[in-house]
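Have the sequence and the 3D view open side by side. We will go from the whole chain to the sheet, then to the helices and a few single residues.

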Amino acid sequence: MIDGKTHVRGIFSKTEQRRLNFMDEQMTVNTDGWHKQPHYTQLALDVMKRIENTQLVPVTDPILKKPLESCSIGLDRKELHDRLLSAMEHYQGIGLSANQIGIQERAFIMYSDVKKKEIITCFDPLITEYHLDKIIMDEGCLTWPGLWLKVERSEGIRCVYNDVDGELVQVEMHGLESRIFQHEYDHMEGTNFTQRVSRLKLNMAKRRAAKMKKKSMFSMSA
Ligand SMILES: [Zn+2]
């Protein structure tokens, strides 16, 4: 007998596995070969709520192309922080902008130190200075899963933002921290990392990503 759940374990990412488990919980048809889930468990309800609150908008959504104005007056920063954190963890990212999950607010969350697991949420961020030294690094984005691009950016930045308590933070960033901030900042401005490479490089990377996807589909059915 093929147990779908066991069969696919280890092939799907944690996120995909979570989705499969979610689908499993939804199963209410009492047909031979399908197991019956007679009612929504609390877990299923929790997962459903989590998915609803953390759904990434598709690449084509116009919200991603709109430069974001300052945060709304009376915005519940803590609530937005919680949603961003929940979504970033759900998709296992190192940074996420509010517009990526359909929220039109000038805010993002990111790891300020990945190793120490330090996270900051930036409201109304502004980059004031760019270091002249440029660095090329591989970059990915949760909105384009599987797409990796070599993007040139300043090694360091000076920036300001409001934190979750509304305090103004002025800071200088370098290395990965500066890289993530600049990546999310693009989202604030209605642009993204695909606009920072040539069309040729982008097309090549897209082909590579499509090939990798095909490969993983093949290994899944093998
Ligand atoms: Zn991104």
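Helices and strands here are DSSP runs, numbered from the N terminus: a helix is H or I over at least four residues, a strand is E over at least two. This is a predicted model, in which local features need pLDDT of at least 70, side-chain atom pairs count only at pLDDT 80 or more, and totals for chains, interfaces and linings use all residues. Residues are numbered from 1 along each chain as its sequence is written.

Start with confidence. pLDDT is the predictor's confidence in each residue, from 0 to 100. Its mean over the protein chain is 86, and 81% of the residues reach 70 or more. A contact means that the C-beta atoms of two residues, placed from the backbone, lie within 7 Å.

Now the layout. The protein chain holds six helices and seven strands. From the N terminus on, the order is α-α-α-α-β-β-β-β-β-β-β-α-α. Take the contacts between residues at least 6 apart in sequence: 60% of them join residues at least 24 apart.

Next, the sheet. Strands of a sheet pair through backbone hydrogen bonds, either parallel or antiparallel. Two strands count as paired if DSSP finds at least two bridges between them. Five strands form an open sheet here, in the order β1-β2-β3-β6-β7, with antiparallel pairing. β1 and β7 (168-174) stand at the edges with a single partner strand each, so one side of each is left without a neighbour in the sheet. From one strand to the next, the twist averages 45°.

Walk across the sheet. Three bridges join β1 (residues 95-97) to β2, and S97 has F108 as its bridge partner in β2. Six bridges link β2 to β3. There, A107 is partnered by F123 in β3. Further along, seven bridges join β6 to β7. C159 stands opposite V171 in β7.

β2 and β3 also make a hairpin, with four residues between them. K117 is found in the loop between these strands. What is the phi of K117? It is near 55°, a positive value in a residue other than glycine. Most residues other than glycine have a negative phi. Burial is counted in C-beta atoms, again placed from the backbone: a residue is buried if 20 or more others lie within 10 Å of its own, exposed if 12 or fewer, and partly exposed in between. K117 is exposed, because 8 other C-beta atoms lie within 10 Å. D124 also has a positive phi, about 50°, although it is not a glycine. D124 is found in strand β3. It is partly exposed, because 17 other C-beta atoms lie within 10 Å.

Which helices meet the sheet? α4 packs on it, touching β1, β2 and β3. The direction of α4 makes about 60° with that of β2. α5 lies across β1, β2, β3, β6 and β7, running at about 170° to β2. Such angles run from 0 to 180 degrees between N-to-C directions, with axes fitted to C-alpha atoms, for helices over the stretch in contact.

Stay with α5. It has 14 residues and reaches 20 Å from its first C-alpha to its last, close to the 20 Å expected at 1.5 Å a residue. That expected span is 1.5 Å times one less than the number of residues. α5 is mostly covered, with ten of its 14 residues buried. Among them are I180, F181, E184, H187 and M188. After α5 comes G190, whose phi is positive, near 75°.

Between α4 and β1 lies a loop, and I94 sits in it. I94 touches M110, Y111, V114 and I180, not counting residues up to four places away in sequence. I94 and Y111 are 17 residues apart in sequence, yet 5.6 Å apart in space, C-alpha to C-alpha. I94 is partly exposed, because 18 other C-beta atoms lie within 10 Å.

Finish inside. A nonpolar core is a set of buried Ala, Val, Leu, Ile, Met, Phe, Trp, Tyr and Cys residues joined through C-beta atoms within 7 Å. The largest has 22 residues, and L84 and F108 have the most contacts inside it. The elements that give two or more residues to this core are α4 (77-91), β2 (107-113), β3 (118-130), β6 (156-162) and α5 (175-188). Beyond four places in sequence, F108 is in contact with residues including L96, C122, E184 and M188.
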